[in-house]
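Reader: I would like to learn how to read a protein structure, one feature at a time. Can we work through an example together?

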Amino acid sequence: MEQDSQKNVADEYEDCRRKFAGRNDSILKKHINEPDFGLVPEKPVFLEGIAETSRFLDNLTTSDGTKVYGIRKDAAQISGIAGLVDCYVMYYKKKGIFFRRSIRIGRIYVCEYCNETTWLAPRGYSLSCRRVREE
């Protein structure tokens with residue numbers, strides 16, 4: 001029963017995502033050359049759903065190659081963008097001899113309501129590999 005409920009929620013999300021996705025296609029690459037692309041809610045990185053967001057975050061590093069991870073903090077409706085824009089607080093792990101702690105390095109903004117992934121990292125970040133589309 002619980003599995004059916006989770007499947008229904010996932011199906012509802014995907015239906016909603018598809019409904020909004022086409023509306024964002026015209027602004028998909030509008031801000032990619034601007035210095036604050038992906039760093040402010042009004043200019044998010046557009047990704048094609050939850051799976052692409054996971055792949056994107058898994059491949060994100062700082063520009064010097066340090067592996068980072070993001071924790072979704074919140075989501076907001078932004079004027080001119082269909083669907084929600086998610087805010088991820090980004091961290092890297094600092095390792096010492098006797099400790100390991102997470103260091104906060106900033107935020108990135110992502111919109112999953114799109115039919116295509118821009119697959120470009122915001123300023124200060126890099127992607128460790130190119131996306132391989134699962135066919």
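Reader: Is Cys111 buried or exposed?

Author: A residue counts as buried when its relative accessible area is under 20%. This is a predicted model, and in it Cys111 has a relative accessible area of 0%, so Cys111 is buried. Cys111 is found in strand β5.

Reader: How many disulfides does the structure have?

Author: A disulfide needs two cysteine sulfur atoms within 2.5 Å. A search of the whole structure finds 0 disulfides. For Cys111, the closest cysteine sulfur is in Cys114, at 7.1 Å, and this is too far for a bond. Another cysteine, Cys87, is buried, with a relative accessible area of 2%.

Reader: What secondary structure does the protein have?

Author: Begin with a count, then read the order along the chain. The protein has 2 helices and 6 strands. Starting at the N terminus, the elements run α-β-α-β-β-β-β-β.

Reader: Which sense of pairing, parallel or antiparallel, joins β1 and β5?

Author: β1 pairs with β5 (residues 100-111) in the parallel sense, over 2 bridges. Val45, for instance, has Val110 in β5 as its bridge partner.

Reader: In which sense do β4 and β5 pair, and over how many bridges?

Author: β4 and β5 are antiparallel, with 10 bridges. Ser102 in β5 is the bridge partner of Lys93. The pairing of β3 with β4 (residues 84-95) is antiparallel as well, over 8 bridges. There, Ala76 has Val85 in β4 as its bridge partner.

Reader: How many salt bridges does the structure hold?

Author: For a salt bridge, look for a Lys or Arg side-chain nitrogen within 4 Å of a carboxyl oxygen of Asp or Glu. The structure holds 4 salt bridges. One of them joins Asp86 and Arg72, with the closest N and O atoms 3.0 Å apart. This pair links distant parts of the chain, since Asp86 lies in strand β4 and Arg72 in strand β3, 14 residues apart. Asp86 counts as buried at 7% relative accessibility, whereas Arg72 is partly exposed at 46%.

Reader: What separates Glu52 and Arg55 in helix α2?

Author: They are 3 residues apart in helix α2, so about one helical turn separates them. Glu52 and Arg55 form a salt bridge, with 2.2 Å between the closest N and O atoms. Glu52 is buried at 4% relative accessible area, and Arg55 is partly exposed at 25%.

Reader: Which residues are linked in a network of salt bridges?

Author: The network links Glu34, Asp36 and Lys43. Within it, Lys43 forms a salt bridge with Asp36, the closest N and O atoms being 3.0 Å apart. Lys43 counts as buried at 17% relative accessibility; Asp36, at 25%, counts as partly exposed.

Reader: Where is Asn59, and what does its side chain reach?

Author: For a loop residue, name the elements on either side and then look for partners. Asn59 lies in the loop between α2 (49-58) and β2 (60-62). Its side chain reaches the backbone oxygen of Arg55 at 2.8 Å. Asn59 counts as buried, at 14% relative accessibility. Among the residues that Asn59 touches are Lys67, Trp119 and Cys129.

Technical notes. Residues numbered from 1 in each chain as written. Predicted model: local features only at pLDDT ≥ 70, side-chain atom pairs only at ≥ 80, totals over all residues. Heavy atoms only, no water. Pairing = 2+ DSSP bridges. Helix = DSSP H or I, 4+ residues; strand = E, 2+ residues; numbered from the N terminus. Buried < 20%, exposed > 50% of the residue type's maximum accessible area, 1.4 Å probe, protein only. Polar contact = N/O pair within 3.5 Å; in protein donor to acceptor, adjacent residues only side chain to side chain. Contact = heavy atoms within 4.5 Å. Lists of a residue's contacts leave out its neighbours within four places in sequence.
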